[in-house]
Structures are given as C-alpha cells and as structure tokens.
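Have the sequence and the 3D view ready as you read.

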Amino acid sequence: MQPEMAATVTDYCTAVSNDVSKEMKEVWAWTCDSFDDADKMSSPLQGATMKFLAEWQQPKRVLEIGCFTGYSALAWYQATVSTQAEIITLELDPKMIAASRRTFDTYKLNDRVKLMEGPAQDSIEKLTGQFDIIFVDANKEGYEGYVKQILNKKLLSPKGFIMCDNVFARGMTISTEANPHLPAKVRPYWTENGKALRSFNNFCKNDPRVDSVLLPLYDGVTLIKWKNGQNFVRLN
C-alpha cells in the first residue's frame, strides 16, 4: 500500500472509531510539537485501541515497557477507572522520563501510575505479582529478552496478554526492500531493529508456553498469551 493510501485508510479508521480524550489529544499535540522523533509515539487510533482493549479486559494491573511521553500510560489510566488498576511504566531515557513525569503531573496520574527509571531488564527483575496487560514498546533489540523475562518470572496473569508494538520495524522485519519510502537517515536504525525482531518473531512462534499472533496493524502488533493449560510451565 502506498503511503498516501495508508494515510487515507488510517484517517478514515480514526474518524469512524471511538475518539480519544481531550487530554490524550493534548499530549499527542505537545509531543508532536516538542520532539523530532514523535513518530515513535502511538497514534490516536492506537490510543483508541488501547482504551478499547483495557475497558474490555478490565485489568487490575498494567505494565508497560517504554513510556516515551506518557501517552499510552494516560490511555491505560483513563480506561481503568472502574478497576482502579495499578499502572507501572518503565523508562531509561532521562529526556523521556522528564516528559512522562510532566504528563503524569499535568493530568494527575500519580495516584495509580508508577514510573520505574533505569534499564528495563533491571526493573523487570524487581517486579512481583502478575499483570493483566503488558505493553512492550521500547528498544526493539530488547523485545525477546523482555518477554522471556516476563514469562520466566510468570508476571503475565493466566488470562492476561502481552502486546508488542512496532514489530514490523517500518517494514524492515519483513525485508530490507519492503519500504522504499523509508528515509535514508533512519534506514540503518530500522534495518538493525528488523533483524532483532525477526529473531523475536521466531521465539514467539516456537516457545511452547505461549500462543502468539502478529497482526498487520499499525507498524505490526504482536499479541501473546499463555497457551491453555501452560500458564505456569517454566522452561529450564
């Protein structure tokens, strides 16, 4: 699909789907105005999808790996008013930590949102209990390790799901020739991400503990759940 047609389809889907809140629109606009890499943020349609899934899942705890400017955390927060879910978000980049804290302070999210600073693998190791929704949207070469760590520590609840974003890596996961429109200055970055995500996809396909599906949505979204009857099996 050509970029112009893809943009038209996205605009149409956004227009006929549930709208995001005024607060989410404000964070979206502020991020776009303030950061050159704002394209890493979840789109408004993704934000609406997150809220839909969380309202359906009714989670008591949400974990996200990668916070960026707090847009997704705001979506989880607003979608879980009825369950008063605890939301833990992990971030390494000092610039994004500051941006996220601005969002949390501005919209008064700190009663249920906890930001853990530092390398994600270190933060995951400190976590206990289980999470009903786990959203992975961080450094792509870390996806496989993060998900393995989550499964090994049994942090995913029996009926929960993991959602991993940007699994297509702008098309580079599929083929280095898949996206001729990708700017040359970011092509090496996304090419390396594509290599890591191909390994991640093979892991998801072959790990006997889980079921997974890679959906052609946005920049590729992988959903992972425990295989029926396997939610407490640990691989040696």
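This is a predicted model: local features need pLDDT of at least 70, side-chain atom pairs count only at pLDDT 80 or more; totals for chains, interfaces and linings use all residues.

Two packed helices are described by the angle between their axes and the distance between the axes. Here are those values for the two pairs:

| Helix pair | Angle between axes | Distance between axes |
|---|---|---|
| α3 (residues 44–57) and α4 (residues 71–79) | roughly 35° | within 8 Å |
| α2 (residues 22–34) and α4 | about 175° | 10 Å |

Start with α3, which passes α4 in a right-handed crossing. On the α3 side, the contact is made by P44, G47, M50, K51, A54 and E55, while α4 brings in Y71, S72, A75, W76, Q78 and A79. Sorted by class, this contact has seven nonpolar, three polar and two charged residues.

Now turn to α2 and α4, whose axes pack at an angle of about 175°. Because an angle over 145 degrees counts as roughly antiparallel, α2 is described as roughly antiparallel to α4. Here E23, M24, V27 and W28 of α2 meet Y71, L74, A75 and Q78 of α4. By class, the contact has six nonpolar, one polar and one charged residues.

Finally, find G220 in the loop between β6 (210–215) and β7 (221–226). Is G220 buried or exposed? Its relative accessibility is 0%, so G220 counts as buried. Beyond its neighbours within four places in sequence, G220 is in contact with C164, D165, N166, V167, F168, L214 and L215. From G220 to I87, the C-alpha to C-alpha distance is 24 Å, and the two are 133 residues apart in sequence.

Terms used: Residues are numbered from 1 along each chain as its sequence is written. Side-chain values use heavy atoms; hydrogens and water are left out. Axes are lines fitted to C-alpha atoms, for helices over the stretch in contact, and angles run from 0 to 180 degrees between N-to-C directions. Helices (H or I, at least four residues) and strands (E, at least two) are DSSP runs, numbered from the N terminus. A crossing is left-handed if the near helix is turned anticlockwise from the far one by less than a right angle, and right-handed if clockwise. Contact means heavy atoms within 4.5 Å. Ala, Val, Leu, Ile, Met, Phe, Trp, Tyr, Cys and Pro count as nonpolar, Asp, Glu, Lys and Arg as charged, and the others, Gly among them, as polar. Angles under 35 degrees count as roughly parallel, over 145 as roughly antiparallel, 65 to 115 as roughly perpendicular and the rest as oblique. Buried means under 20% relative accessible area, exposed over 50%, partly exposed in between (1.4 Å probe, protein chains only).
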